[in-house]
Amino acid sequence: CEMRTITMTKALCACSRLVQRRLSTLPPHTLLAMPALSPTMTQGNLASWKKKEGEEVAAGDVIAEVETDKATVDYEVVDDGFLAKILVPEGTQDVKVGTPVAVLVEDGSLTAAFKDFTLAGATSTPAAAPAAAPAPTAAPAIPAAPVSAATQVAATTPAPPPPIQAAGASIAASPLAKKLAAQLGVALSTVRGTGPGGRIIAADVSEAPIAVTEAVEAAPAAALSATAADYIDIPHSNIRKVTAKNMLKNKNDNPHYYVTMEVCMDELVELRKKTNELLGAKISVNDFIIKACAKALKEVPVCNSSWRDEYVRQYSAADISVAVNTERGLLTPIVFSADSKSIVEIAADVKSLAGKAKEGKLKPDEFLGGTFTVSNLGMFGVKQFTAIINAPQACILAVGGTKKVVVPNEGPTADTVPFVVKSMMSVTLSSDHRLVDGVMAATWLQSFQKHIENPLLLLL
């Protein structure tokens, strides 16, 4: 919620420009820096340039696309001028915030002066010392004969351990140790006894072949991994890095517990069908679920809270984060004030936000914040699962699939029709036990169930 007050222009004004430099050999110019486009951003990838060197730009123009830790964001200039020099080529990874990426001048005639301008010049870095003369070329080495995988394995296989007992000496071993050694093929002369007087016991024999076996088995595995390219290394995207870091922290720092409930979907499915027919819309079941979550949060506001060191912050609006999977990682765009929006408005928001997320076009204020998260895997045939809380939120709802089940008939025809078939959906609420007790989680699920099974309440 707090991010709503932060505009992109303010962020760019604070982070995107360095002070104007007037170097003795260059005309007046402004260095454009890699901006901090989200509160957690420390570096970014320069995805592409939208303007070319020498091209005129106006305040508000998009000159580049920057991949942040969450999305790809437009880089807008805040001054008029001409793009004199691009210092960081597109596709460059992990450019630290504050690093100069381009030069802006007021007059197009000044661009030629920056033809050979570089990052080193921008930071007044002294020129590097001349390279040393190349060392004399060594005589070519005689190529080694090819080594087979079997030879490599043989070379890396450890030799049998040297005898511990002197040759010809009597070996003190228990009858069970001797029997076990014969079964495992272990030479008792290589085993160090730990029993009384150095006597070899069964435990000594059982431990002896393990190290040898593991060493021998590890050798061919190492050889194969070095010779066979049966895998590829896929670099982490910024989103994947941040998601991994946050998931680990959220799971470790927040005391999770889980409450599961089944809800009947028959009435909601019928209402959705009629609504889509009457309005010509494409409202999904998930849109109704988001609305039901928002309604339940208003009735059980403790679940619409976040934990702080000295207090619990309870939010007035139900801003629902919706988990969206993309090729680059997981994003959670926000449907703001879902409690006060109609189902049709929620459907339009989700469609727009999901599209932006998959295209990498989300702005920071569209995914930073939120007071509650919904993660739905029901469309993949998942019956039930548990989700990790999206801290500092207190709860996340994991939505499973809908299935037909036979249940006792509690209606007026129960005497003649004791059982009926209903569509049931399983949902699991993950809660932070520091601020949401078990009874409160159950109460929230009861409210959610009420709105799902009586969907006309969602239209009020």
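Analyst: Helices (runs of DSSP state H or I with at least four residues) and strands (runs of state E with at least two) are numbered from the N terminus, and in this predicted model the protein has 10 helices and 18 strands. Residues are numbered from 1 along each chain as its sequence is written, and side-chain values use heavy atoms, with hydrogens and water left out. Because this is a predicted model, local features need pLDDT of at least 70 and side-chain atom pairs count only at pLDDT 80 or more, while totals for chains, interfaces and linings use all residues.

User: Where does Val 344 lie, and why is Val 344 called partly exposed?

Analyst: Val 344 belongs to helix H9, which covers residues 343-359. Buried means under 20% relative accessible area, exposed means over 50%, and partly exposed lies in between, with a 1.4 Å probe and protein chains only; Val 344 has 40% relative accessibility, so Val 344 counts as partly exposed.

User: What makes Leu 278, Leu 279 and Val 344 a patch?

Analyst: A patch takes residues with over 30% relative accessible area and no salt bridge, joining like charges within 9 Å and nonpolar side chains (Val, Leu, Ile, Met, Phe, Trp, Tyr) within 5 Å. Leu 278, Leu 279 and Val 344 form such a nonpolar patch on the surface, and together they have about 330 Å² of accessible area, a value that comes from the Shrake-Rupley method with a 1.4 Å probe, where for residues only the protein chains shown count as cover. The protein as a whole exposes about 25,500 Å², with carbon and sulfur atoms supplying 58% of that area.

User: Which residues have the most contacts inside the largest nonpolar core, and which helix gives the most to this core?

Analyst: A nonpolar core is a set of buried Ala, Val, Leu, Ile, Met, Phe, Trp, Tyr and Cys residues joined through side-chain atoms within 4.5 Å. The largest such set has 53 residues, and those with the most contacts inside it are Ile 289, Cys 293, Ile 320, Phe 372, Leu 397, Trp 444 and Phe 448. Helix H8, residues 285-299, gives the most to this core, with eight residues. Apart from this core lies another, of 20 residues, among them Leu 32, Leu 46, Val 66 and Val 73. One of the central residues, Ile 320, is in contact (heavy atoms within 4.5 Å) with partners including Cys 293, Leu 297, Ile 334 and Phe 372, leaving aside its neighbours within four places in sequence.

User: What makes the pair of Lys 241 and Asp 94 a salt bridge, and which parts does the pair tie together?

Analyst: A salt bridge is a side-chain nitrogen of Lys or Arg within 4 Å of a carboxyl oxygen of Asp or Glu, and the side chains of Lys 241 and Asp 94 meet at 3.9 Å, N to O. Lys 241 lies in helix H6 (residues 238-253) and Asp 94 in strand E7 (residues 92-96), so the pair ties together parts that are 147 residues apart in sequence. Lys 241 is partly exposed because its relative accessible area is 37%, and Asp 94 is partly exposed because its value is 34%.

User: How many salt bridges does the structure hold, and how do you know that Glu 299 and Lys 450 meet in a salt bridge?

Analyst: The structure holds 10 salt bridges, and the side chains of Glu 299 and Lys 450 come together at 3.0 Å, N to O. Glu 299 lies in helix H8 and Lys 450 in helix H10 (residues 438-453), so this pair ties together parts that are 151 residues apart in sequence. At 36% relative accessibility, Lys 450 counts as partly exposed. A further salt bridge joins Asp 253 and Lys 249 at 2.8 Å, N to O; both residues lie in helix H6, four residues apart, about one turn of the helix.

User: Why is Ser 431 called buried, and what does Ser 431 touch?

Analyst: Ser 431, in strand E18 (residues 419-432), has a relative accessible area of 0% and is therefore buried. Not counting residues up to four places away in sequence, Ser 431 touches Pro 255, His 256, Tyr 257, Ile 389, Ala 394, Cys 395, Val 436 and Ala 441.
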